[in-house]
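Visitor: Hi, I'm new to this one. Could you show me around?

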Amino acid sequence: SDGMITEITDIVDKELLDQAPNLKVVANRAVGMDNIDIGEATKHGVLVSNTPGVLHESCADFTFGLMLSVARNITYGDRQIHAGEWKMFDQIPYLGTDVHGATLGIIGLGLIGTAVARRARAFDMSVLYHSRTRKPEVEQQLGVEWRPDIDAVLRESDFVSLHVPLTAETERIIGQRELELMQPHSFLINTTRGPTVDPAALYDAASTGKIAGAALDVTDPE
């Protein structure tokens, strides 16, 4: 092949590149490119492209869907009804947490994180963020507040939403120490990549009440 179109589940590494002497370009149908060894592709003279900007609004919608579902016990209620457990008018097991007026912490204010912050305005949420690059123009436009480190976002937020690429620096960016900084009533939302969160630490935090819960689009292993 001269060119390849890949999904995020297609691993492009040295083993593959060594067997593709004619390969000139790999087009990845995703924003993240953690499935591709960029260094090896460069050594082999292979160009790599991705598709930024095509799904950020949809992903922001889905992020809010997860947030509302975990806060208001929507999926839990749905499962209970389908299981035949709704036998009387008893609201207590289904009591939820308000999203409106809460504090949302965004880690990674790229296209998706910014789109989530824009939606949060409609819910009268206070929005904090930490990102590799501070975004004064977004702060002015959307009224979001920058924090110099992730720890401050974790301590102050009712909902923490991850929007970072998976790199060596962001792998396990949320572990036991970070989860212990969160408030007992807070929720973690992850729509990035599974390895950004330590799954054992998250299970421990959620099952022992260190945090109120989590809503995950991704897991590790996937």
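This is a predicted model: local features need pLDDT of at least 70, side-chain atom pairs count only at pLDDT 80 or more; totals for chains, interfaces and linings use all residues.

Visitor: OK, at what angle do helix 3 and helix 5 cross?

Guide: Roughly 55 degrees, and the axes of helix 3 (residues 56–72) and helix 5 (residues 111–122) come within 8 Å. That makes helix 3 oblique to helix 5. Oblique is what remains once angles under 35 degrees (roughly parallel), over 145 (roughly antiparallel) and 65 to 115 (roughly perpendicular) are set aside. Helices here are DSSP runs of H or I with at least four residues, and strands are E runs of at least two, numbered from the N terminus.

Visitor: Which residues of helix 3 meet helix 5?

Guide: His 56, Glu 57, Cys 59, Ala 60, Asp 61, Thr 63 and Phe 64 do, and among their partners in helix 5 are Leu 111, Ile 112 and Arg 118. Contact means heavy atoms within 4.5 Å. By class, this contact of helix 3 with helix 5 has eight nonpolar, two polar and four charged residues.

Visitor: New topic: which helix gives the largest share of the second largest pocket's lining?

Guide: Helix 9, with four residues. Helix 9 (199–207) and strand 9 (213–216) each supply at least two lining residues. The lining includes Pro 199, Tyr 203, Leu 216 and Asp 220.

Visitor: And what counts as a pocket?

Guide: On a 1 Å grid over the protein atoms alone, a pocket is an open set of points where a 1.4 Å probe fits, with protein on both sides within 12 Å along at least five of seven lines; lining residues have an atom within 4 Å of a point.

Visitor: Where is the cis peptide bond?

Guide: From Asp 220 to Pro 221, with omega near 5 degrees. Pro 221 lies in the segment after strand 9.

Visitor: What about phi at Asp 124?

Guide: Asp 124 has a positive phi of about 55 degrees, though it isn't a glycine. Asp 124 sits in the loop between helix 5 and strand 5 (126–130).

Key. Residues are numbered from 1 along each chain as its sequence is written. Side-chain values use heavy atoms; hydrogens and water are left out. Axes are lines fitted to C-alpha atoms, for helices over the stretch in contact, and angles run from 0 to 180 degrees between N-to-C directions. Ala, Val, Leu, Ile, Met, Phe, Trp, Tyr, Cys and Pro count as nonpolar, Asp, Glu, Lys and Arg as charged, and the others, Gly among them, as polar.
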